[in-house]
Amino acid sequence: MTSSTIDPSLLQAFAPTGVLRASINVGNPILAGRNLQTQEPFGVSIDLARELAGRLGVDLKLVVWESAGESVQAATDDIVDIGFFAIDPKRGESVAFTPPYILIEGAYLVADGSPLQSNEEVDQAGTTVTVGKGSAYDLYLSRTLKNASIERAPTSPAVVSYYLEHGHDVAAGVRQQLEADAAKHAGLRLLPGHFMVIRQAMGMNRARGEAAIRYLSQFVEEMKASGFVAQAMKRHGIQGAAVAPAEAQA
């Protein structure tokens with residue numbers, strides 16, 4: 001489908017400036033990163049954004065953020081057209097989500113000498129958990145932890161360094177990010193399993209209308225079913241995450 005076959009009102013909802021502005025979070029290595037030489041962003045979310053722009057028949061502008069919180073805020077403030085976010089009810093107040101396209105594990109990291117051995121043991125008085133400010137797991141743990149306290153690092157990639165610098169008990173984040181950081185610092189280990197499954201989806205400001213949201217949801221389902229998402233994950237060397245299963249469309 002190209003712009004010539006898309007209803008003008010739908011095209012206006014997606015690209016009111018004539019360009020598709022995609023909010024990109026490089027703080028989550030599963031979704032996107034930067035080329036070390038050029039600093040250009042790359043990743044699964046960029047591939048999906050380019051494919052969508054091509055189908056709409058418009059140019060693509062990548063609006064890059066260092067954290068999930070900034071990326072979501074850009075959609076909330078309606079200064080971008082689409083974005084790539086973890087589904088969360090708080091974010092859902094202003095952002096409409098598609099079905100998920102990737103499932104990611106949220107995990108805990110502790111020091112080798114920590115008495116904590118399971119995810120269930122983390123929520124106890126006197127335990128301090130470091131999270132990335134505004135991240136999906138920040139929102140989730142803020143709702144679910146009843147006894148442990150939360151301290152927020154500026155961004156998700158900064159969680160482990162912040163945790164080490166301040167001597168906290170637990171670092172929480174995307175498993176792959178924690179595993180990479182644990183490999184750089186001696187004396188750290190991940191607790192077995194996960195404390196949540198993060199459902200990564202595309203999204204847009206709710207004010208863009210139901211027709212645009214429905215189109216975006218259908219796009220995501222097609223990208224999963226066609227193998228596009230799986231191929232993008234393979235191309236970018238993404239391991240430890242899974243393509244989300246298909247969901248019935250209304």
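Aspartate 78 sits in the loop between helix 3 and strand 5; helices here are DSSP runs of H or I with at least four residues, strands are E runs of at least two, and both are numbered from the N terminus. This is a predicted model, so to speak of local features we need pLDDT of at least 70, side-chain atom pairs count only at pLDDT 80 or more, and totals for chains, interfaces and linings use all residues. Residues are numbered from 1 along each chain as its sequence is written, and side-chain values use heavy atoms, with hydrogens and water left out.

Back to aspartate 78. Its phi is positive, about 60°, although the residue is not a glycine. Aspartate 78 counts as partly exposed, at 32% relative accessibility; buried means under 20% relative accessible area, exposed over 50%, and partly exposed in between, with a 1.4 Å probe and protein chains only. Glutamine 39 also has a positive phi, near 70°, and is a residue other than glycine. Glutamine 39 belongs to the loop between strand 2 (33-34) and strand 3 (41-42), and at 40% it is partly exposed.

Now the salt bridges. The whole structure has 14 of them, taking a salt bridge as a side-chain nitrogen of Lys or Arg within 4 Å of a carboxyl oxygen of Asp or Glu. In one of these, aspartate 81 pairs with arginine 21, with the closest N and O atoms 2.9 Å apart. Aspartate 81 is in the loop between helix 3 (68-76) and strand 5 (82-86) and arginine 21 is in strand 1 (residues 19-25), so the pair ties together parts 60 residues apart in sequence. Aspartate 81 is buried at 0%, and arginine 21 is buried at 17%.

Glutamate 221 and lysine 224 form another salt bridge, 2.8 Å from N to O. Both are in helix 7 (residues 210-225), three residues apart, or about one turn of the helix. Glutamate 221 is buried, with a relative accessible area of 10%, and lysine 224 is buried at 10% as well. As for shared partners, salt bridges join Arg21, Asp78, Asp81 and Arg208 into one network.

On to strand 7. Five of the five residues of this strand (residues 128-132) are buried, so it is largely enclosed by the rest of the structure. Thr128, Thr130 and Gly132 are on one side, Val129 and Val131 on the other, and both faces are covered. Strand 7 pairs with strand 8 (residues 149-153) in the parallel sense over five bridges, where pairing requires at least two bridges found by DSSP.

Last, the cores. A nonpolar core is a set of buried Ala, Val, Leu, Ile, Met, Phe, Trp, Tyr and Cys residues joined through side-chain atoms within 4.5 Å. The largest has 73 residues, and Phe14, Leu52, Ile82, Tyr101, Tyr108 and Val129 touch the most other members. Strand 6 (residues 95-111) gives the largest share of this core, eight residues. A second, separate core has nine residues, including Ala74, Val80, Phe97 and Ala201.
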